[in-house]
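Reader: I would like to learn how to read a model like this one, feature by feature. Could you walk me through it?

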Amino acid sequence: MTKLIWALQILVAVAFLAVGTMKLTQARADIVGMGATYAQDFSDTQIKLIGAAEVAGAIGLIVPAATGILPILTPIAGVCLAVLMAGAVNVHASLLPKWRGAAPIQRSIEAGVKLTGVCLQKMLLELDAGDL
């Protein structure tokens, strides 16, 4: 089991290291050109900060546990990376696109809706914009 956990940690760390390094070294226009259209929604500085957080998280997944120096930092790095990834998705408490807006629950109650749901959408700078 320990070998499996290490293999998964290394796999995740390599992925975050690669993506974070790309964000740190490439211009935002180049990142968008590679198909990562989400980069249009962030400034150059924000993209670099996200990349730095990903690289730091990747290092934190491996180095503390491997060296035995402050190994508690390894699960903390994992949680921080999970929070970083969760920040890229918006959980909307309604069935989109019908109940778009700032108060979807209230609007569905006012309309007498008996059954509703939850949608996930890609985060954009605009209110309730983006693919479902």
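Author: Gladly! Let us begin with the inside. The largest nonpolar core is made up of six residues: Ala13, Phe16, Ala58, Leu61, Ala77 and Leu81. Helix H1 (2–25), helix H3 (44–67) and helix H4 (73–86) are the elements that give two or more residues to this core. Do keep in mind that this is a predicted model.

Reader: Thanks. Which residues does Ala77 touch, once residues up to four places away in sequence are not counted?

Author: Ala77 touches Gly57, Gly60 and Leu61. Of these, Leu61 is also a member of the core.

Reader: Let me step back for an overview. How many helices and strands does the chain have?

Author: There are five helices and two strands. Read from the N terminus, the order of elements is α-α-α-α-β-α-β. The chain has 132 residues, and 24% of them count as buried.

Reader: How should I read the contacts along the chain? What share of those between residues at least 6 apart in sequence join residues at least 24 apart?

Author: That share is 55%.

Reader: Where is Gly20 placed, and is Gly20 buried or exposed?

Author: Gly20 sits in helix H1. Its relative accessibility is 0%, so Gly20 counts as buried. Leaving aside neighbours within four places in sequence, Gly20 is in contact with Gly51, Glu54 and Val55.

Reader: Let us stay with that helix. Which residues of H1 are buried?

Author: In H1, the buried residues are Gln9, Ala13, Phe16, Gly20 and Lys23. Two of the names, Ala13 and Phe16, you have already met in the core. The cover over the buried residues of H1 includes H2, H3 and H4.

Reader: As a check on geometry, what span should H1 have?

Author: The rule is 1.5 Å a residue, so the 24 residues of H1 should span 34 Å. The end C-alpha atoms of H1 are 34 Å apart, which agrees.

Reader: Are Lys23 and Glu54 buried or exposed?

Author: Both Lys23 and Glu54 are buried.

Reader: Which residue pairs with Arg28 in a salt bridge?

Author: Arg28 pairs with Asp44, and the closest N and O atoms are 2.9 Å apart. Since Arg28 lies in helix H2 (residues 28–33) and Asp44 in helix H3, the pair ties together parts that are 16 residues apart in sequence. Arg28, at 30% relative accessibility, counts as partly exposed. Asp44 also counts as partly exposed, at 45% relative accessibility.

Reader: And which residues meet in the remaining salt bridge?

Author: Here the side chains of Glu110 and Arg107 meet, at 3.3 Å from N to O. The two are three residues apart in helix H5 (residues 104–110), so about one helical turn separates them. Glu110 counts as exposed, at 61% relative accessibility. Arg107 is partly exposed, with a relative accessible area of 40%.

Reader: How about helix H4: is Thr74 buried or exposed there?

Author: Thr74, which has its place in helix H4, counts as buried at 9% relative accessibility. Beyond its neighbours within four places in sequence, Thr74 is in contact with Gln9, Gly60, Leu61, Pro64 and Ala65.

Notes: Residues numbered from 1 in each chain as written. Predicted model: local features only at pLDDT ≥ 70, side-chain atom pairs only at ≥ 80, totals over all residues. Heavy atoms only, no water. Core = buried A, V, L, I, M, F, W, Y, C linked by side-chain atoms within 4.5 Å. Buried < 20%, exposed > 50% of the residue type's maximum accessible area, 1.4 Å probe, protein only. Helix = DSSP H or I, 4+ residues; strand = E, 2+ residues; numbered from the N terminus. Contact = heavy atoms within 4.5 Å. Salt bridge = Lys/Arg side-chain N within 4 Å of Asp/Glu carboxyl O. Expected span 1.5 Å × (residues − 1).
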